[in-house]
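Open the model in your viewer and switch to a cartoon view. We will go stop by stop.

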Amino acid sequence: MNEKTTNLDDTIDLKELFFDLLEQWKLIAICILFSILAAILFLRTTDTIYQADALIQIKSNSSSPLANLSADMAAMASFAGLSSGGSSTQGEIELLKSRSIFGQAIQDLHLDISIQSQQNLFEKVFSPDLFITEYNKQGVIIESDKLNLKILKFNTPKDYENRSLRLAFNLKDYVIFDTKTDEILAKGQLNKILIQGGWDINIIGQTLSPTELIIQKNSLPNAMVSSLNNFNVQEKGKGTGILELTYLGQNKTNIPEILNSVLNNYKQNDINRSITDKNQQVDFLEKQLPKLKQELDNSEKQFNQFRSKFDTIDVKQESELYLKQNIELETQKIQLQQKQAELSTQYTSEHPAMHAISAQLETIENKINETNEKIKKLPEVQRLYLQYYRDVEIKNKLYTNLLGTYQSLNVAKAGELGKVDIIDYALEPVKPLKPRKLIILILSVFVGGFIGVLIALVRNMLNSGVRNLTPVAEKYSIKNFGSINENILLNSQSKNYMHPLAVLEPSNLVIEQIRTLATAIHHISLTKPQAIVQMVGATKNTGTSILIANVAITLAQMNVKVLLIDTDLRYGQLENYFNINTTHGLTDYLEDKAQLNNVIVRTQQSNLDIISHGQNHTNPTSLFSTAKMTDLIEQLAQNYDVILLDGSPIVDVSDSQILAKYAATNILVTRFNHTSVDEIDKTVESFKNSGHRFDAMVLNFSK
C-alpha cells in the first residue's frame, strides 16, 4: 500500500496540472498585462536608435622595400622580418579611430557638446519626441515645443569641461548653473556673443517659455570615448581590404553626416600622407639634380678636352668590355645609394632593409675595385680615355633617370588620389535599429506568460492541498466516492455562476458526476437504519453547500422525497441558492420561536423541501444537544426518504461532530488543491475521537 501511495504522489498528471494553471488564469493574465505595460513604458522612455553604414576600399599601392634588391638579399631581408609591402587593414581601422580623423569630425560637427532635456518620466512617456537635437558644422540645433535654438559656440573654462551644467532660459536671457552647487557661473543673452572669464558662448534663436537644459562641454578625449562607443569599423571578409563603417545615433538625419565627415577626413588625410611622401622624394631630387648636372658638365668638358688633345682614340675590344662593366656597376651603385637615401627617411640604420642595401653596396663596390684594377693595367692614353668616357656615360644616365623620376613625381603629386576609395557614402536610415517594437511586445507577452505560469506553478508546489483521494481513502479505509470536476457554473465567485445548476442544466457533465454521487449516497443510506446523511467539509470554502444542494435536487429528480437542512447556524446560505425568502429556520424552531410547518419550505423542485438555518447563532452546539433536536430528526425521518444535513467545517467548529450522532451516514467533502492532507488527518482524527467515523469521501474541484 505504501509503495502504491508513493507512486501516486510522484506521478505528474498533465491534465490535472493544466486545470491547475487554468484555475489561476487571472494571475497569468495579470502578469502578461504587467509585462506588456512594462514593455510599453520601456518603448516610450527609451531612445530610438538608428544606424548608418558606409563602405571604403583600401588599395595596396605602395611598393615593396625589397623590390630593388637582388633575390638573395630580398630573401635575407624578408627572413629578417621586413614586410613585402601592402597596407595593414587593422592599422587603417585604428587610424580611422584616431584624433586626427575621428577627433576632427567631432570638432567639425560640435559633437563635444552634449545636451539633454529636463524631462521627467511622465513627459517621456506621453511626449517622448518633443526634444530634438541636430549636430552640423554650423552648430547644434535644438528644437522643442518651448524653444528653437542654435548653439554656434560653447567653450567653457578648463575647470568646467566634462561637467554637467544647467542652462536656464528665460525668454531672451540665459543663466549657467553648476548642477552640484547650484552656483551661477555665467549669464548671457540670446543672439549675442558672451566672452567672459574663459567663457566663449554664442547662442541664437528664441524661447517661447522658461525652460532648462543640461549641457556639457567635453574635452576631445572624453568626447571621443563617448562617440567611439557608437562607431564601429570591421573588414568585410578576410583580406578583401574593404572596410564597413557603422555609426549609431538617435537622430537619423544626423548620423549619416557624422559618418560622411569621418570618411572625408580619412580620404583627405590619406591623400595628404601620400603627397607628403612624394614631397620628401621631390625635395631629395631637387637637391641632387643640380649637383649631378654640374658633375655631368664637368665630365663632358674634361672628355672633350682629352679628345681635342689626342684626336680620336681607337678603343680596343678589351677596353670596351671594361668600360661596359664599369658603367653598369657604377649605375647600380648610384641607384642603390639613391634607394638607401629614400629608405633612410623611413627606417633607421639598424633596420633589416638598410642592412641588406649596405651589403649589396659593399658587393658592388668590390666588383668596381676589381674592374678599376684591370683598367689601371691598360696603356695610359687608353686608360684616361676610358675613365673620361665612363664618367660622362654614368653621370648622363644617372641625371636622365633622376630627371624622369622628378617629373613623374610632380605629375603623380598633382593627380594624387591616395589608396582609399569611398565605395558607399552613408545614407539616412529608413527604419530604426532598436528598439524593435513588435518583437519587444511579442516577447513581453511570452515573458509575462512565462512569469505567470512560473508563479502559478510555485504556488501550486507550495500549496499542500490534496489532489488524489485514493491514498488518503486507503489510509483510513474510507470509501472514495470520486471527484466532481471544476465548473464555473458551480463557482459562486464566477460571473457565470448559475443556481440551481441541476435544474437549469441537468445534462451538464458535472451534474452527471453529481448524479453518480447522489446514487451512491442513496444506495449507502438504504443500508443504514435511517436515511440521514451529513455532508461536511474539513475547512471553509470546500463548496459543500453548493454540492449538497445539487445532490438534493438530483435525488428529488430520481423521485426520492428529500429534505435538505442547513445546519450551519453561523454562516448558512442555502436559502439564497434556491432563491427562497423565509423569516424562520432551524434556529427559530429549536428556540421555540416557530412551528415546524413554518420552518419547512417547499422548493420549485418537486420532492424537495428545505429548512434554512434561520437566525445566526453564536453557540449552535447547545441547540444540537437538546432533546428537541432529537425529536425533530426522528419526526422528519418518518416523512422523508432521505434527509441531507449541510454541516459546518470540522476543523473550525465542533457543530458537525454533535450532529454526527443523528446522521447514519457521514461524508467528508475535500476541495482539490485546497484541503491539505494534514487537515484531513486532523478532521478524521477529531471525528474518530468523538466516537464517529466517515463513511465516504468526495473530492470537489469547485468552491
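A pocket is an open set of points on a 1 Å grid over the protein atoms alone, with protein on both sides within 12 Å along at least five of seven lines. Its lining residues have an atom within 4 Å of a point. This is a predicted model, where local features need pLDDT of at least 70, side-chain atom pairs count only at pLDDT 80 or more, and totals for chains, interfaces and linings use all residues. Residues are numbered from 1 along each chain as its sequence is written, and side-chain values use heavy atoms, with hydrogens and water left out.

**Stop 1: the largest pocket**

Select Asp47, Thr48, Thr133, Gln250 and Asn251. Of the 45 residues that line the largest pocket, these lie nearest its centre. The pocket's volume is about 1500 Å³. A volume here is the space filled by probe spheres set on the grid points, which are joined across faces, edges and corners.

Now colour the elements. Helices (H or I, at least four residues) and strands (E, at least two) are DSSP runs, numbered from the N terminus. Among the elements that give two or more residues to the lining are helix H3 (25–45), strand E3 (132–135), helix H8 (220–228) and helix H9 (255–310). Which element gives the most to the lining? E2 does, with five residues.

Next, colour the lining by class. There are 18 nonpolar, 19 polar and eight charged residues. Ala, Val, Leu, Ile, Met, Phe, Trp, Tyr, Cys and Pro count as nonpolar; Asp, Glu, Lys and Arg count as charged; the others, Gly among them, count as polar.

**Stop 2: the sheet with E2**

Stay with E2. It belongs to an open sheet of five strands, in the order E2-E11-E6-E7-E8, with antiparallel pairing. Two strands pair if DSSP finds at least two bridges between them. Strand E2 (113–117) and strand E8 (184–189) stand at the edges; each has a single partner strand, so one side of each is left without a neighbour in the sheet.

Select residues 165–170 and 211–217. These are strands E6 and E11, an antiparallel pair with five bridges. Click leucine 167: its bridge partner in E11 is leucine 213.

**Stop 3: the sheet with E3**

Move to E3. Here an open sheet of five strands runs in the order E3-E4-E5-E10-E9, again with antiparallel pairing. E3 and strand E9 (192–196) are the edge strands, each with a single partner, so one side of each lacks a neighbour in the sheet. E3 pairs with strand E4 (residues 140–143) over four bridges. Find tyrosine 135; its bridge partner in E4 is valine 140.

**Stop 4: strand E16**

Select residues 532–537. Is strand E16 buried or exposed? Six of its six residues are buried, so E16 is largely enclosed by the rest of the structure. Buried means under 20% relative accessible area, exposed over 50%, and partly exposed in between (1.4 Å probe, protein chains only). Ile532, Gln534 and Val536 cover one side, and Val533, Met535 and Gly537 the other.

Strand E20 (residues 642–646) pairs with E16 in the parallel sense over four bridges, and glutamine 534 stands opposite leucine 645. Strand E21 (residues 665–671) also runs parallel to E16, joined by five bridges. There, valine 533 stands opposite threonine 665.

**Stop 5: asparagine 576**

Finish in helix H18 (residues 574–577), where asparagine 576 is found. Asparagine 576 counts as partly exposed, at 46% relative accessibility.

Notes. On a 1 Å grid over the protein atoms alone, a cavity is a set of points where a 1.4 Å probe fits but cannot get out, and a pocket is an open set with protein on both sides within 12 Å along at least five of seven lines; lining residues have an atom within 4 Å of a point.
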